[in-house]
Amino acid sequence: MGGDVDPETIAENLSALSNPLRIRILLALAETRRPNWDHRGMSYSDLRSAVGIEDGGRFNYHVNELRDQFVRSEDGQYWLTTAGSRVVDEIYAGTFSAGHEAVSGPLEWTCPADGKRLEAAVDTGVITVSCPDHGVLFDMTLSFNSPRGRDPDELFAWANRRALWYLESVSWDVCPHCAGRFEEAAIAAHSPESETRLETLGCETATMVIVGMRCRRCGVSFRVPAFYYALTRAPTIAFLHDHGIDYRTPELEYGSTAWRCESEPLGDGVLVRFEVDGDRLEIELDDALETRTYRRTLATEDR
Ligand SMILES: [Zn+2]
Ligand SMILES: [Zn+2]
């Protein structure tokens, strides 16, 4: 836990939310951000009539309880702070609501290892994708509201993008949970047999390099195959694009069938090889996982 997280203060700030009238004030203020994002705010009288409170003293008391942390006021105008905005976002995302919708069913996608149809289940904001033979291949948190009006394939496509966004964020040293920075990366080779599911399905190789990352602030750790780092670097994006592959394509997350890659540790970094249609990219990352060098060849040239 970050050193400046004080549970007493946090609890006190959050206690300002435990009143239905104050939630209505936040929701009324959220209306003003709808037409555009210039945050013009709301006048005292507009806000009071939007919330429908006759008693001025009672209304003032509750607005004051929200002030500074969730609501800002200046020159008689009221608007949501960033924290207020985040609370409203989570309210509409269903995070604090009861009775979440659940969705499950077969996917269009198949297991890259055995070709069997994958199954998805989305419940309490989490999607789980499994193969009848290999068990759970993938899981990811989504918004509680996500199943509403979406089918399992759409949800899986979104979950894949979201997972990739997480990995990309980690690869740029920004924790996707708290925006904290990471401790120094631990780069180590693993044999695929000792690894589980998703990580092994991505690469056909004797060894694979895994990068262990731990957030300095919230402490969450990630184990990211090194090829994901290479994947988000410009030479790889260009290489895959030249072969008609969008590096963000959903199948990437649980094992692509369109391309091959391997990774090996270098002592002071990692070497990742991508191969598509006989064309090959070798990209070397340093111990900070930044691009050191890269080289493109036709696979036939070095035989
Ligand atoms: Zn399978
Ligand atoms: Zn974090």
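Predicted model: local features only at pLDDT ≥ 70, side-chain atom pairs only at ≥ 80, totals over all residues.
Two strands count as paired here if DSSP finds at least two bridges between them.

S1 meets strand S3, residues 77–80, in the antiparallel sense, over 2 bridges. To place that on the residues, serine 43 stands opposite glutamine 77 in S3.

Next, the metal site. Which residues hold the zinc ion, ligand 2? The protein donors are the SG atoms of Cys175, Cys178, Cys215 and Cys218, lying 2.3 to 2.4 Å from the zinc ion. Along the chain these donors follow the spacing C-x2-C-x36-C-x2-C. The arrangement around the zinc ion is tetrahedral, because the 4 donor atoms subtend angles of 97 to 113°, and the test for four donors asks that all angles lie between 85 and 135 degrees.

Are cysteine 215 and cysteine 218 buried or partly exposed? Cysteine 215 has a relative accessible area of 0%, so it is buried. Cysteine 218 has 32%, so it counts as partly exposed.

Now the salt bridges. The structure holds 14 of them. As background, side chains of opposite charge can pair when their charged atoms come close.

The side chains of arginine 217 and aspartate 4 form a salt bridge, at 2.8 Å from N to O. This pair links distant parts of the chain, 213 residues apart: arginine 217 is in the loop between strand S9 (208–214) and strand S10 (221–225), while aspartate 4 is in the segment before H1. Arginine 217 has 35% relative accessibility, so it counts as partly exposed. Aspartate 4 is at 57% and therefore counts as exposed.

A second salt bridge joins the side chains of aspartate 133 and lysine 116, again with 2.8 Å from N to O. Aspartate 133 sits in the loop between strand S6 (126–131) and strand S7 (135–141), and lysine 116 in the loop between strand S4 (103–110) and strand S5 (117–123), so the pair ties together parts that are 17 residues apart in sequence. Aspartate 133 is partly exposed, at 48% relative accessibility. Lysine 116 is also partly exposed, with a relative accessible area of 37%.

Elsewhere, Glu262, Glu264, Arg273, Glu282 and Arg295 are joined into one network by salt bridges that share partners.

Last, a nonpolar patch. Where do Val5, Ile10 and Leu14 form it? The patch is on the surface, and the three residues together have about 230 Å² of accessible area. Leucine 14 belongs to helix H1, which covers residues 7–15. Its relative accessibility is 48%, so leucine 14 counts as partly exposed.

Technical notes: Residues numbered from 1 in each chain as written. Chains lettered and ligands numbered in written order. Heavy atoms only, no water. Patch = residues over 30% accessible without salt bridge, like charges linked within 9 Å, V, L, I, M, F, W, Y side chains within 5 Å. Areas by Shrake-Rupley, 256 points an atom, 1.4 Å probe, with all protein chains shown as cover. Salt bridge = Lys/Arg side-chain N within 4 Å of Asp/Glu carboxyl O. Helix = DSSP H or I, 4+ residues; strand = E, 2+ residues; numbered from the N terminus. Buried < 20%, exposed > 50% of the residue type's maximum accessible area, 1.4 Å probe, protein only. Donors = N, O, S within 2.8 Å, 3.2 Å for Na, K, Ca; no water. Tetrahedral: all angles 85-135°; square planar, octahedral: opposite > 155°, others 65-115°.
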